[in-house]
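Trainee: I should like to go through the reasoning behind several assignments in this model. Please set each value against its criterion.

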Amino acid sequence: MEKKLVYTGKTKDVFALENGNYLLKFKDDCTGKDGVFDPGENSVGLTIDGVGDVNLRMSIYFFEKINAAGIKTHYVSADLNNTTMEVLPGKVFGKGLEVICRYKAVGSFFRRYSDYCTEGQDLPAYVETTFKNDAKGDPLVTKDGLVDLGVMTAQQYDDLKAMTQAITKIVADDLREKGLDMYDIKFEFGYDADGKVMLIDEIASGNMRVYKDGQYVDPMTLNKLFFA
């Protein structure tokens with residue numbers, strides 16, 4: 001099938017397919033700084049052989065589980081030999097929206113709200129949304145902000161929140177079976193031609209904060225533990 005490059009990303013390239021779908025090509029480039037891997041960084045800092053393959057493997061594993069649970073995603077199929085994933089067409093909210101679900105008060109959440117919580121305190125699948133904007137530090141935005149600014153409808157937000165909590169539970173339960181505790185996870189959502197919300201992008205170790213026996217597990221180690 002013919003494919004045409006439409007976007008070159010930090011960790012994936014995007015191609016348009018003849019059938020109207022898109023093809024994501026996973027790369028071995030990782031975000032980081034000074035040669036150190038950091039999922040929170042906004043620029044490519046290093047290349048790790050095989051990371052594209054393992055990110056695709058984890059994405060396939062979870063997308064298939066999530067689809068089977070009746071939750072809408074953009075996932076169609078994947079080709080591990082070529083490190084590619086075929087996805088449905090969709091639009092992002094605004095110029096890109098990240099959604100974080102938190103089970104523990106750590107990271108930026110704790111830094112912001114430390115007057116009101118202790119580090120590592122349990123949170124009830126707390127959902128927060130941020131606009132993707134490196135220059136502005138990915139600013140937080142509320143439901144009212146998203147609706148009033150015309151980024152999404154109130155119904156789309158409610159669907160997005162419910163889907164985020166359901167997907168997070170699927171991932172966290174799976175990790176727990178492997179003796180791993182997920183503290184938080186980051187997703188991206190978009191919508192189809194009918195305005196229906198769907199999970200997009202990937203579900204990879206670099207998008208989640210995971211601990212084992214109280215110790216932080218870095219994404220590359222998490223990949224090894226997950227597929228052991």
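Trainee: In which helix is the place of Gln156?

Mentor: In this predicted model, Gln156 lies in helix α4, which covers residues 154–177.

Trainee: Why is Gln156 called buried?

Mentor: The relative accessible area of Gln156 is 13%. Buried means under 20%, so Gln156 is classed as buried. Other buried residues of α4 include Tyr157, Leu160 and Met163.

Trainee: Which residues does Gln156 touch, leaving aside those up to four places away in sequence?

Mentor: Gln156 touches Phe93, Tyr191, Gly195 and Val197. With Gly195, the side chain of Gln156 reaches the backbone oxygen at 2.9 Å, and the limit for a polar contact is 3.5 Å.

Trainee: How do you know that the span of α4 agrees with its number of residues?

Mentor: At 1.5 Å a residue, the 24 residues of α4 should span 34 Å. The end C-alpha atoms of α4 are 35 Å apart, which agrees with that expectation. Just after α4, Gly179 takes a positive phi of about 75 degrees.

Trainee: How many disulfides does a search of the whole structure find?

Mentor: The search finds zero disulfides.

Trainee: Why is the sulfur of Cys117 too far from the closest cysteine sulfur for a bond?

Mentor: That closest sulfur belongs to Cys101 and is 16 Å away. A disulfide requires the sulfur atoms to be within 2.5 Å, so the sulfur of Cys117 is too far for a bond.

Trainee: What makes Cys30 count as buried?

Mentor: Cys30 has 3% relative accessibility, and the cut-off is under 20%; therefore Cys30 counts as buried. Cys117 is also buried, with a relative accessible area of 12%.

Methods
Residues numbered from 1 in each chain as written. Predicted model: local features only at pLDDT ≥ 70, side-chain atom pairs only at ≥ 80, totals over all residues. Heavy atoms only, no water. Helix = DSSP H or I, 4+ residues; strand = E, 2+ residues; numbered from the N terminus. Buried < 20%, exposed > 50% of the residue type's maximum accessible area, 1.4 Å probe, protein only. Polar contact = N/O pair within 3.5 Å; in protein donor to acceptor, adjacent residues only side chain to side chain. Contact = heavy atoms within 4.5 Å. Expected span 1.5 Å × (residues − 1).
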